Each structure stands twice: as C-alpha cells, then as structure tokens.
Amino acid sequence: AAGAEVCLTDGSSQVLSLLECNAAANAARFRHPPRVRRLRWGVSEDIEGVRLAPGRGFDFVIASECVYGESAAGDGAEALLATLEAVCQPGTTQVLMSYTLRPVRLPGSSEYLCPVSVREVPFFAEAARRGFQVREEVTSRASKAPPPSAPKVIRLVRRPPEPPAPARTTQPWHAGLFGRSRTK
C-alpha cells in the first residue's frame with residue numbers, strides 16, 4: 001500500500017480532524033501522502049472531491065462501520081449505494097465492507113428484521129438489485145466456523161453494463177440454420 005494513492009473520508013468534521021492528524025503522522029510511510037476529504041454519501045460535490053481524477057473511480061474501497069442500524073435500509077442505504085455507484089468502476093473496483101448481522105429496523109415501520117444471512121440485509125439486497133455482485137469472504141482458516149455474531153467481510157463488485165442486444169434481422173428464423181431460404 002506504500003505506493004498507493006489513498007483517500008481517507010468521513011462525513012464528520014470531528015473525525016476528519018483525527019484522520020488528518022493520523023495521515024500527517026504516517027505520511028513518511030507512503031510514496032503519495034494520504035489525502036483526507038469530507039464525504040457525505042450522495043452529495044455530488046463531496047463525491048467529486050474524493051476522486052483521484054475527474055471521472056476516475058477507485059481500485060479499492062474499504063468501508064468500516066458504514067452499514068448498521070438505520071443506514072442498513074432506507075435513505076442511508078440509498079445515499080451510500082449512490083456514492084458507491086459514482087466512485088466504483090464497473091467490473092474493476094473492489095469494495096470491502098465489514099458487517100455484523102444484527103436486527104435491522106425496516107424503513108417506515110416499527111418492525112425489525114433479524115437477518116441470518118448477509119443477503120437478507122436490505123442494504124446488500126438492494127446492492128445486488130442495482131448491479132453489484134455481493135459475496136461474503138472467508139476470513140478464518142480455523143477448523144471451527146466463526147460464531148454468527150462475528151463481523152463478516154463483504155466484497156462488492158459493480159457488474160459491467162450488459163452489452164447491447166444484437167440487432168434483429170428480418171430474415172426468416174430458418175435462414176441462419178439452412179442457408180438462404182428459397183422462394184419461387
């Protein structure tokens with residue numbers, strides 16, 4: 001990572017000042033000093049401010065403590081997904097997120113969903129619907145499986161857009177199978 005271009009982000013001014021102190025204290029370890037930027041999910045000017053170059057996405061996004069409670073569903077999830085769509089290059093950017101399965105309150109309801117799988121969490125289900133491949137990574141090589149309450153690492157990769165469908169021809173369906181159709 002010493003040669004990587006790194007951008008550290010948060011939406012909180014207080015956290016940003018801590019990030020700036022840490023980045024300055026560790027700058028000598030990097031070929032390119034880490035940049036610190038404010039990033040409020042879904043805010044266009046913040047998204048453009050974190051890019052390495054206009055219109056260029058990132059190779060990796062590492063997110064921690066971003067999807068929990070209300071942000072796992074509803075407006076918070078929508079804003080985070082819009083931000084990821086803006087900074088992820090389809091088929092290229094790898095997003096690694098930590099997530100612990102916990103009850104999630106459904107938007108506009110007093111009911112809670114108790115997911116048993118990451119795919120049941122509204123945020124990850126919506127990410128899959130919007131074209132992200134969602135995969136839980138194996139994080140332990142131990143012989144015993146980690147407890148269900150252990151944090152999980154989730155990998156998101158935005159799928160490349162589907163290629164356009166081939167143009168339809170006006171030839172009869174059998175023309176391609178048997179050569180040209182013969183009509184007299």
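**Helix H1 and its surroundings**

Tutor: Happy to! The buried residues of H1 pack against strand E1 (7–10) and strand E2 (35–38), where contact means heavy atoms within 4.5 Å. Helices (H or I, at least four residues) and strands (E, at least two) are DSSP runs, numbered from the N terminus. Keep in mind that this is a predicted model, in which local features need pLDDT of at least 70, side-chain atom pairs count only at pLDDT 80 or more, and totals for chains, interfaces and linings use all residues. Residues are numbered from 1 along each chain as its sequence is written, and side-chain values use heavy atoms, with hydrogens and water left out.

Student: Which residues of H1 are buried?

Tutor: They are Leu16, Leu19 and Ala23. Buried means under 20% relative accessible area, exposed over 50%, and partly exposed in between (1.4 Å probe, protein chains only).

Student: And where do they sit around the helix?

Tutor: Looking down the axis of H1, the buried residues fall within an arc of 60 degrees, so they line one face. That arc is taken from the directions from the helix axis to the C-beta atoms. As background, an α-helix has 3.6 residues a turn, so residues three or four places apart point the same way.

Student: What does the face turned away from the buried side carry?

Tutor: Exposed residues: Gln14, Leu18, Cys21, Ala24 and Ala25.

Student: OK, new topic. What's the strand order in the open sheet?

Tutor: The four strands run E3-E4-E8-E7, with mixed pairing. Two strands pair if DSSP finds at least two bridges between them.

Student: Which strands stand at the edges?

Tutor: Strand E3 (60–63) and strand E7 (132–137) do; each has a single partner strand, so one side of each is left without a neighbour in the sheet.

Student: How do E4 and E8 pair, parallel or antiparallel?

Tutor: Strand E4 (residues 94–99) and strand E8 (residues 152–158) are antiparallel, over six bridges. One example is Val95, whose bridge partner in E8 is Leu156.

Student: Last one: where does Arg31 lie?

Tutor: You'll find Arg31 in the loop between H1 and E2.

Student: Is Arg31 buried or exposed?

Tutor: Arg31 is exposed, with a relative accessible area of 65%. The C-alpha atoms of Arg31 and Gly3 are separated by 5.1 Å, although the two residues are 28 residues apart along the chain.
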